[in-house]
Amino acid sequence: MTEKDFTLANRLADAAGAVIRPAFRGDWSHERKADASPVTEIDQSAEAAMRAILEAERSDDGIIGEEYGTRNEGAGRQWVLDPIDGTVSFMAGRPIFGTLLALLQDGWPVLGIIDQPIAGERWAGRIGHGTTLNGLPAKVRSCKELSQATLASTGPQYFSDAEAGAFMSLAAQTSQQVIWGGDCYNYGLLASGHVDIVCEAGLKLHDYAALVPIVEGAGGMMADWQGNPLDAESDGTVIALGEPARLEDVLEAMG
């Protein structure tokens, strides 16, 4: 991963934002995908804008996009694109969605961006560097006891019955200040020291790949529900922690 990769990643986020901003709270079409999740023409156009840059400038790299699938599947370097993470929030006019993009090297996330184009907030993380929010350092906050933790998750409807039970067991041992909604925005808030734990399940690679360098570059950690590091083969269960020392407490609380 090079400085040129980081510059390119920011250009990709700029290109997506240029599509999204004029359409926010505007008039656009939408439909349901096979998994019943919504997709708008803006999701598709924003991903197309990013893919066009990559196809022109990084033809040997792979692309894994939420809306238009995979190109160069066997490439060692893969760009992972989620043009609007939080489409439901975008459709409702809530500025807590974000554009996610990551660079994987041999399946491991080495660069990530969360861009909230309406608020003008961009978290950027990359291996070997500290995470930034709009170019300034972003740092997690300390959480000495699980009982002091603020917990966030996108929504209870995304958990199976067993997963919901594990989440509620965790929630019962935190401060019980549970934040619902937010998608990728919650991870940015964690990286900036406003949230202590994000716990989710059922995520796909494009949902979590960009988050790993951001959270870890801010001093936090990410793992699956067994405590394993996240890579391209992870099972979609995700724990993000501002205080890595709380991992064993979280896993024990979840049973």
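**Strands, helices and rings: a first look**

User: In this predicted model, how many bridges pair strand S13 with strand S15?

Analyst: Start with where the two strands sit: S13 covers residues 197-200 and S15 covers residues 238-241. One link between them joins Cys199 to its bridge partner in S15, Ile239. The strands pair in the antiparallel sense, and the count of bridges is four.

User: Which strands are at the edges of the five-stranded sheet?

Analyst: This is an open sheet with mixed pairing, and its order is S12-S11-S13-S15-S14. Neighbouring strands in it are turned by 20° against each other on average, direction ignored.

User: Which helix lies across S13, S14 and S15?

Analyst: Two helices are worth checking here. Helix H4 (residues 161-173) lies across S11, S12 and S13, running at about 155° to S11. The one that covers S13, S14 and S15 spans residues 247-254 and runs at about 140° to S15, and that is helix H8.

User: How are H4 and H8 set against each other: roughly parallel, roughly antiparallel, roughly perpendicular or oblique?

Analyst: Their axes are 7 Å apart and the helices pack at an angle of about 125°. Their crossing is right-handed. An angle over 145 would count as roughly antiparallel and 65 to 115 as roughly perpendicular. The pair H4 and H8 is therefore oblique.

User: How many nonpolar residues are in the contact of H4 with H8?

Analyst: On the H4 side, the contact has Ala166, Ser169, Leu170 and Gln173, and they meet Val250, Ala253 and Met254 in H8. Sorted by class, there are two polar residues and no charged ones, while the nonpolar residues number five.

User: How many charged residues does the contact of H1 with H2 have?

Analyst: H1 brings residues including Leu8, Arg11 and Leu12, and H2 brings residues including Ile42, Ser45 and Glu57. The contact has 13 nonpolar residues and one polar residue, and its charged residues number two.

User: Which strands stand at the edges of the eight-stranded sheet?

Analyst: This open sheet also has mixed pairing, and its order is S4-S3-S5-S6-S7-S8-S9-S10. H2 lies across S3, S4, S5 and S6, running at about 155° to S5. Two strands have a single partner strand each, so one side of each is left without a neighbour in the sheet: S4 (69-71) and S10 (136-137).

User: What is the bridge partner of Ile64 in S5?

Analyst: Strand S3 (residues 62-65) and strand S5 (residues 77-85) run parallel and are joined by four bridges. Ile64 has its bridge partner in S5, and that residue is Val80.

User: How far apart in sequence are the parts that the Phe24 and Phe97 pair ties together?

Analyst: The count of aromatic pairs comes to eight. The rings of Phe24 and Phe97 have centres 5.8 Å apart and planes at 45°, so this pair is tilted. Phe24 is in the loop between H1 and strand S1 (30-32), while Phe97 is in the loop between helix H3 (87-91) and strand S6 (98-105). The pair therefore ties together parts whose separation in sequence is 73 residues.

Conventions. Residues numbered from 1 in each chain as written. Predicted model: local features only at pLDDT ≥ 70, side-chain atom pairs only at ≥ 80, totals over all residues. Heavy atoms only, no water. Contact = heavy atoms within 4.5 Å. Nonpolar A, V, L, I, M, F, W, Y, C, P; charged D, E, K, R; others polar. Pairing = 2+ DSSP bridges. Axes fitted to C-alpha atoms, helices over the stretch in contact; angles between N-to-C directions. Phe/Tyr/Trp six-rings, centres within 6.5 Å; stacked < 30°, edge-to-face > 60°. Parallel < 35°, antiparallel > 145°, perpendicular 65-115°, else oblique. Left-handed = near helix turned anticlockwise from the far one by under 90°.
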